[in-house]
Amino acid sequence: MRRWNVFEVGNHSLHFTNVGKLLKSLFIHWCSRESLKFLYLYDMKFKVFRGTFFWLMALVIGLFFLACDKQSPYPKVIDPEDNPITAEKVALGEKLFFDPRLSIDNTVSCASCHVPERAFTDGKVLSDGVNGKKSMRNAPSLVNVAYQPYFMFEGAIPNLERQSHVPIIDLNEMGYERISDLVDKLAAIEEYQVLAQKAFNMPFDVFVLTRALAAYERTLIQWDSPFDDFYFLQKPMDDQMRRGYQIFSEKLYCAACHKTPYFTDFGLHNNGFYDSLDWGRWRITGLEIDKGTFKTPSLKNMRLTAPYMHNGQLKTIDEVLDYYSKGGSGNPNQDKRIRPFQLSDEERRDLIYFLERI
Ligand code: HEC
Ligand code: HEC
């Protein structure tokens with residue numbers, strides 16, 4: 001599989017020929033991190049950085065760094081105190097993320113379900129795990145997960161370090177009964193021992209596995225959409241996009257939960273989905289009122305992340321708008337803000353045009 005780097009989501013692909021884009025992406029990434037030691041990452045990822053070009057770029061980037069350190073437009077990623085980011089951890093985490101040996105039968109990697117080109121989703125209603133099994137839910141995007149306060153659709157997991165246990169010991173996903181079985185398998189691989197020593201100065205174990213994966217996931221930052229340029233850099237939107245934004249945030253109520261710039265309020269809400277197979281937050285609290293409550297997903301990269309909702313039930317943006325325009329499903333727990341609405345054909349086109357640019 002082709003490797004991905006933080007600057008290539010969907011068609012935002014980055015080439016040596018497109019220096020402007022490269023600089024912009026570096027700027028964004030840079031301004032979202034706390035420290036200079038991350039420069040090393042780029043050296044690793046981009047062969048173009050070797051030689052004279054590397055030093056030229058380092059100079060330009062140095063200037064960027066000075067510029068954005070004073071007044072960064074982008075939200076900073078705060079790493080947990082016990083897992084500060086280093087390029088070595090990210091390198092190991094990236095390797096693990098793309099390695100199918102993380103599953104019991106060596107067929108499924110994290111990237112099988114979180115495909116970089118699809119903004120780390122997989123385009124399927126439910127994902128394919130080991131032994132022909134299907135995941136219980138639709139795979140969410142991992143772009144900008146670094147900013148999330150908690151994880152999974154019921155919001156029950158407090159950090160990325162703990163989250164990575166879940167797919168590994170899910171018999172429908174990577175298929176291990178115990179995480180220690182996987183750790184024993186990976187610890188026997190020479191290359192992982194070498195990388196563990198480099199990154200953590202200790203032998204490969206569960207601490208190394210989970211810290212490295214989380215460090216890698218915290219590099220999946222993206223703030224370069226047309227909406228981001230408007231929001232962070234005050235670049236004007238084109239007319240159609242502006243009209244779409246107005247519909248999204250003023251005529252309709254979408255921005256109440258899908259708040260800018262993350263396009264989520266990170267809150268737990270019921271937007272009408274309510275079925276006895278998966279009651280979302282209820283699984284944690286057991287409260288009637290939580291039946292059908294899920295964490296609001298970000299709408300970033302929506303043009304790449306279909307099908308939608310925790311169960312992948314809505315296949316296109318049109319289907320999503322049909323669903324909301326009917327006023328959701330009207331189940332008893334549904335959020336009161338979700339009400340029926342009507343859009344003209346032109347308004348619908350404008351709204352979709354906007355949604356494809358966030
Ligand atoms: C078989 C498919 C599959 C595999 C393999 C898989 N995931 Fe996921 N991932 C999912 C699904 C489905 C969810 C939603 C689960 C839920 O909410 O219950 C998810 C959720 C997540 C989340 C939470 C995102 C959020 O917004 O709350 C993170 C982070 C994540 N996965 C990272 C990983 C990592 C790291 C690996 C590899 C160790 C991995 N996933 C392997 C399917 C998969
Ligand atoms: C009360 C809060 C709330 C409001 C208002 C709201 N949503 Fe949502 N939205 C959610 C929640 C919660 C989910 C996740 C539900 C699920 O997975 O079953 C969601 C999911 C989505 C998804 C699927 C995202 C994905 O990746 O699966 C889209 C698209 C979406 N909403 C668009 C909209 C639009 C467009 C509007 C305005 C018409 C809107 N939402 C209004 C809470 C809200």
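**Exercise 1. Find which residues have the most contacts inside the largest nonpolar core.**

Solution. Start with the rule: a nonpolar core is a set of buried Ala, Val, Leu, Ile, Met, Phe, Trp, Tyr and Cys residues joined through C-beta atoms within 7 Å. Buried means that 20 or more other C-beta atoms lie within 10 Å of the residue's own, with C-beta atoms placed from the backbone. The largest such core has 34 residues, and Leu92, Leu96, Met174, Ala196, Leu209, Ala212 and Leu213 have the most contacts inside it.

Next, look for the helices behind it (DSSP runs of H or I, at least four residues, numbered from the N terminus). H4 (87-97), H5 (110-113), H8 (179-187), H9 (190-200) and H10 (206-217) each supply at least two residues of this core. H10 gives the most, with 7 residues.

Now zoom in on Leu92. Leaving aside neighbours within four places in sequence, Leu92 is in contact with Leu195, Ala196, Ala199 and Ala212; contact means C-beta atoms, placed from the backbone, within 7 Å. There's also a second, separate core of 15 residues, which includes Met241, Phe263, Leu351 and Ile358.

A quick note on what you're looking at: this is a predicted model, where local features need pLDDT of at least 70 and side-chain atom pairs count only at pLDDT 80 or more, while totals for chains, interfaces and linings use all residues. Residues are numbered from 1 along each chain as its sequence is written, and chains are lettered from A and ligands numbered from 1 in the order in which they are written.

**Exercise 2. Work out at what angle H12 and H15 pack.**

Solution. Find H12 (residues 239-251) and H15 (residues 345-355): they pack at an angle of about 100 degrees, with axes 7 Å apart. Axes are lines fitted to C-alpha atoms over the stretch in contact, and angles run from 0 to 180 degrees between N-to-C directions. So H12 is roughly perpendicular to H15, a label for 65 to 115 degrees.

Then check who meets whom: residues of H12 including Met241, Tyr245 and Phe248 meet residues of H15, among them Leu351 and Phe354.

**Exercise 3. Say which residues come nearest to ligand 1.**

Solution. Count a residue as near if its C-beta atom, placed from the backbone, lies within 6 Å. Of the 27 residues around ligand 1, Cys110, Cys113, Ser127, Phe151 and Pro167 come nearest. H5 provides the largest share of this shell, 3 residues.

Key
A residue is buried if 20 or more other C-beta atoms lie within 10 Å of its own, exposed if 12 or fewer, and partly exposed in between; C-beta atoms are placed from the backbone. Two residues are in contact if their C-beta atoms, placed from the backbone, lie within 7 Å. Angles under 35 degrees count as roughly parallel, over 145 as roughly antiparallel, 65 to 115 as roughly perpendicular and the rest as oblique.
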